[in-house]
Amino acid sequence: MEPSMKIKSLILLCFKIIFIYLIGYTISHFLREWINTVCYSLGVPNEVRIIISRFSVIAYVVPFLMINVRSMFSSEVLRVGNFRASISFPLIWRGKEDPVWRFLGIFAVVMMIGTSYFIYSYVSDLDTNEFRLLLYYGLIFSLVNSILEEWVWRGVILSQYVKWSGNVYGLMVTSLLFGMSHYDLGFSIWVCIAFSIGGFFMGGVAIRSKGIVAPILMHIYMNIIFTMTGMIFS
């Protein structure tokens, strides 16, 4: 393919991805607002409202329904994956190579150490009952949010973008959009960038393991950590 044709194809692909993302973002925004309005009118507890509102992330797959409905639940999207597959740090394909299962363990330890101060600062002010409720709601939120977001972002969207543009560009674009999608939830641009970095590694794990179970476990762990720092419910 000639350089001019490659550039034209890349530009068209960029417009296609942005258009699809904006559709999903818009639908997700209004769906979440509707869920919040209903929950407020019914007097639903704030923690329950937050958990229910996370179902709005499903809206991001709506544009892909027009491409191929069956692909939403295909074996390619829902496969478990291989925890013994190798992944390199920090660039997924380049760096220190480790099996996925060991990478997950190192990730868990590093994140726990890095957030231990924030966890202690938040939970130290809670009484026993408040701490118990935080764990209860935090676990439910983590399971619901992680499974939904991983199916949407690392299952459906990443798989489709990889088909269109290859592993590297598919991973980079999906990670960026994943982080920016949290801006609608009230997070700052810097937090969204941090989420994009997290999405990069979860997407890398999904690609290297050829499945979504490993990134789901990463996501659950991160969400529990975020809950314990007060980021989710406070």
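Is arginine 102 buried, exposed or partly exposed? Arginine 102 counts as partly exposed, at 38% relative accessibility. On this scale, buried means under 20% relative accessible area, exposed means over 50%, and partly exposed lies in between (1.4 Å probe, protein chains only).

This is a predicted model: local features need pLDDT of at least 70, side-chain atom pairs count only at pLDDT 80 or more, and totals for chains, interfaces and linings use all residues. Residues are numbered from 1 along each chain as its sequence is written, and side-chain values use heavy atoms, with hydrogens and water left out.

Arginine 102 has a salt-bridge partner, aspartate 98. Their closest N and O atoms are 2.9 Å apart. A salt bridge here is a side-chain nitrogen of Lys or Arg within 4 Å of a carboxyl oxygen of Asp or Glu. Aspartate 98 counts as buried, at 10% relative accessibility.

The search of the whole structure finds six salt bridges. Among them are two that involve arginine 32. Arg32, Glu33 and Asp184 are linked in a network. Start with glutamate 33: its closest approach to arginine 32, N to O, is 3.8 Å. Glutamate 33 is partly exposed, with a relative accessible area of 34%. Arginine 32 counts as buried, at 11%.

Now turn to aspartate 184. Its salt bridge with arginine 32 has the closest N and O atoms 3.1 Å apart. Arginine 32 lies in helix α1 (residues 3–42) and aspartate 184 in the loop between α7 (167–181) and α8 (189–209), so the pair ties together parts that are 152 residues apart in sequence. Helices are DSSP runs (H or I, at least four residues), numbered from the N terminus. Aspartate 184 is buried, at 16% relative accessible area.

Conventions: Helix = DSSP H or I, 4+ residues; strand = E, 2+ residues; numbered from the N terminus.
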